[in-house]
Amino acid sequence: MPLPLWTPDNRVPLFVFGLTTGVAVTAAFQYLYSSLSKRNQPPPPADYDPLPGNAVGGLRPDTQFESTIQRLEREFTINTSMLHNLVKAFTRDMERGLKRENSVIKMIPSYVERRPSGDETGTYLALDLGGSNFRVCEVTLLGKGQVRTRQKKFVVSEALKTGTGEQLFDFIADCVEQFMGELNIGKDTKLKMGFTFSFPVDQHALNKGNLFLWTKGFTASGVVGTDVVQLLQDAFHRKDLKIDVTALVNDTVGTLISHAYVDNATYMGVILGTGSNAAYVEKMENIPKWKGPPSSTGEMVINMEWGAWGQDGIILPTTAYDLKVDRASPNPRKQTYEKMISGMYLGEITRQILLDLISTGEIFGGRHCSALEAPYSFETAYMSRIERDHSMELTDTRTILEDLYGIKKTTLSDRRLIKRICQLIGTRAARLASIGIASVVTKMNRLHGCTVAVDGSVYEHYSYFRTRMIDALKELLGVNADNITLAQARDGSGQGAALIAALADHGEL
Ligand code: ADP
Ligand code: MG
């Protein structure tokens with residue numbers, strides 16, 4: 001007969017057993033804590049205290065710490081076989097975009113049919129709107145890939161981003177007038193301008209295109225559905241400026257073209273900054289939807305608008321945290337890929353995870369943390385710095401979290417958990433970005449060698465981002481990955497717009 005688990009006879013031994021186990025577990029946790037934390041402070045209670053105001057908090061049974069990490073690793077890891085499947089899906093969606101309108105990846109012909117030779121010359125103005133800063137540039141092309149640029153940066157306030165289109169374009173015209181004044185360029189000077197406008201635009205000529213969706217926090221009214229070159233040109237007329245906007249350029253196209261001016265092997269431009277997108281050179285015969293005149297070169301630069309990938313909700317392995325970020329964003333259910341890889345959102349995903357882990361008591365001893373309440377307050381740059389912190393006590397991470405960000409108190413295990421979260425989100429972003437690049441270079445048949453120009457602070461500054469991208473490219477392309485050069489492009493969008501204005505001026509577009 002099986003023994004009952006609890007009988008009046010074994011009550012005492014069980015109680016003793018329970019007591020000794022409890023004592024042993026407590027001792028083990030205390031030992032673990034003191035070996036983790038070299039600081040001379042009294043050991044905290046074995047269990048975190050979920051009540052607010054617990055000054056120590058944060059120590060949790062190690063199994064819980066591990067299980068939290070394992071769960072997040074499961075949700076955020078993209079292994080090699082997933083990478084391969086995602087490349088297949090991405091390639092299929094690129095091809096759909098080249099065939100028809102209204103596909104997820106738009107694949108917009110840019111009306112730029114050639115890359116520069118490097119010999120172009122002349123002086124042009126360029127504007128760059130669509131990132132953290134708005135820039136006005138005067139670009140002098142000197143030939144032989146040499147450029148001289150004078151530029152001024154302006155901040156676009158939240159009020160301008162979310163006000164009316166007329167206010168936004170009047171502000172732009174004001175900035176141009178101010179810039180010309182500072183450079184002693186007379187108001188009546190006739191100048192040609194390339195306009196880098198880094199939002200999804202339905203382009204129907206080199207200098208015509210209707211905005212179809214604001215992204216990256218812009219919502220200015222009266223612009224969606226309208227030709228943005230006309231809006232800009234009207235603002236110049238209101239100021240009596242004699243500027244002729246001859247090219248409307250996406251920043252990805254600008255990055256590709258400006259890098260091609262110095263490196264002839266450049267066939268792709270990628271942005272990994274506030275948002276993410278890419279452009280590449282496609283053969284006309286592969287663009288069945290093209291209804292325009294034949295291209296004199298047989299080629300066309302395609303502005304992919306790849307940020308939208310996955311917004312049909314069926315491909316990308318999004319987590320509940322991605323969903324939260326998306327639903328609370330100004331453009332819900334749009335730009336799914338962009339929201340997983342670009343600078344505007346990485347910190348926000350981290351913030352959502354931290355809020356969740358507070359609610360379950362898995363971090364900060366479950367204490368409410370007011371710093372975390374503000375949307376978009378956790379900067380992606382913090383993550384990058386936390387990832388670079390290799391000190392035993394994660395002291396720089398403590399500085400960031402407590403001094404810069406304003407979390408009252410963190411324990412070493414809080415900081416270890418946060419660092420791991422940053423690694424998971426940063427790694428996922430880099431690996432996802434490589435999917436787009438691997439798909440494009442394979443589609444272009446350039447696995448034997450080409451340069452991909454990459455611009456943006458996430459690529460340039462986020463710790464290990466480039467290495468992680470290269471690792472993923474190796475997993476995807478094998479030895480061919482060595483033939484793909486990822487080149488840092490900086491501020492290419494302004495120069496690129498000027499170059500495209502120059503190509504148009506010389507009758508080459
Ligand atoms: P934009 O794309 O607006 O032209 P950037 O390329 O500078 O401008 O990208 C800005 C984005 O990069 C912001 O979302 C910011 O969070 C992120 N960023 C800025 N500095 C860093 C950094 N050191 N590490 C990681 N991300 C950063
Ligand atoms: Mg930029």
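This is a predicted model: local features need pLDDT of at least 70, side-chain atom pairs count only at pLDDT 80 or more; totals for chains, interfaces and linings use all residues.
Mentor: Residues are numbered from 1 along each chain as its sequence is written, chains are lettered from A and ligands numbered from 1 in the order in which they are written, and side-chain values use heavy atoms, with hydrogens and water left out.

Trainee: Which residues are the closest to ligand 1?

Mentor: Of the 14 residues that surround ligand 1, the closest are G131, S132, T274, G343 and S457. A residue is near a molecule if one of its heavy atoms lies within 4 Å of it.

Trainee: What makes the approach of T274 to ligand 1 a polar contact?

Mentor: A polar contact is a pair of N or O atoms within 3.5 Å. A polar side-chain atom of T274 lies 2.5 Å from an oxygen atom of ligand 1, so the pair qualifies. For S457, a side-chain N or O atom is likewise 2.5 Å from a ligand 1 oxygen, and for M344 a backbone N or O atom lies at 3.3 Å from one.

Trainee: How are the residues of the shell around ligand 1 divided?

Mentor: The shell holds 4 nonpolar, 10 polar and no charged residues; Asp, Glu, Lys and Arg count as charged, Ala, Val, Leu, Ile, Met, Phe, Trp, Tyr, Cys and Pro as nonpolar, and the others, Gly among them, as polar.

Trainee: Why are β1 and β13 said to stand at the edges?

Mentor: The open sheet has 6 strands in the order β1-β11-β10-β9-β12-β13, with mixed pairing. β1 (108-109) and β13 (484-488) each have a single partner strand, so one side of each is left without a neighbour in the sheet.

Trainee: What makes β1 and β11 a pair?

Mentor: Two strands (DSSP runs of E, at least two residues) pair if DSSP finds at least two bridges between them. β1 and β11 (residues 299-303) have 2 bridges in the antiparallel sense, and therefore pair. P109 has I302 as its bridge partner in β11.

Technical notes: A polar contact is a pair of N or O atoms within 3.5 Å; within protein, one must be able to donate a hydrogen and the other to accept it, and residues adjacent in sequence count only if both atoms are side-chain atoms. Helices (H or I, at least four residues) and strands (E, at least two) are DSSP runs, numbered from the N terminus.
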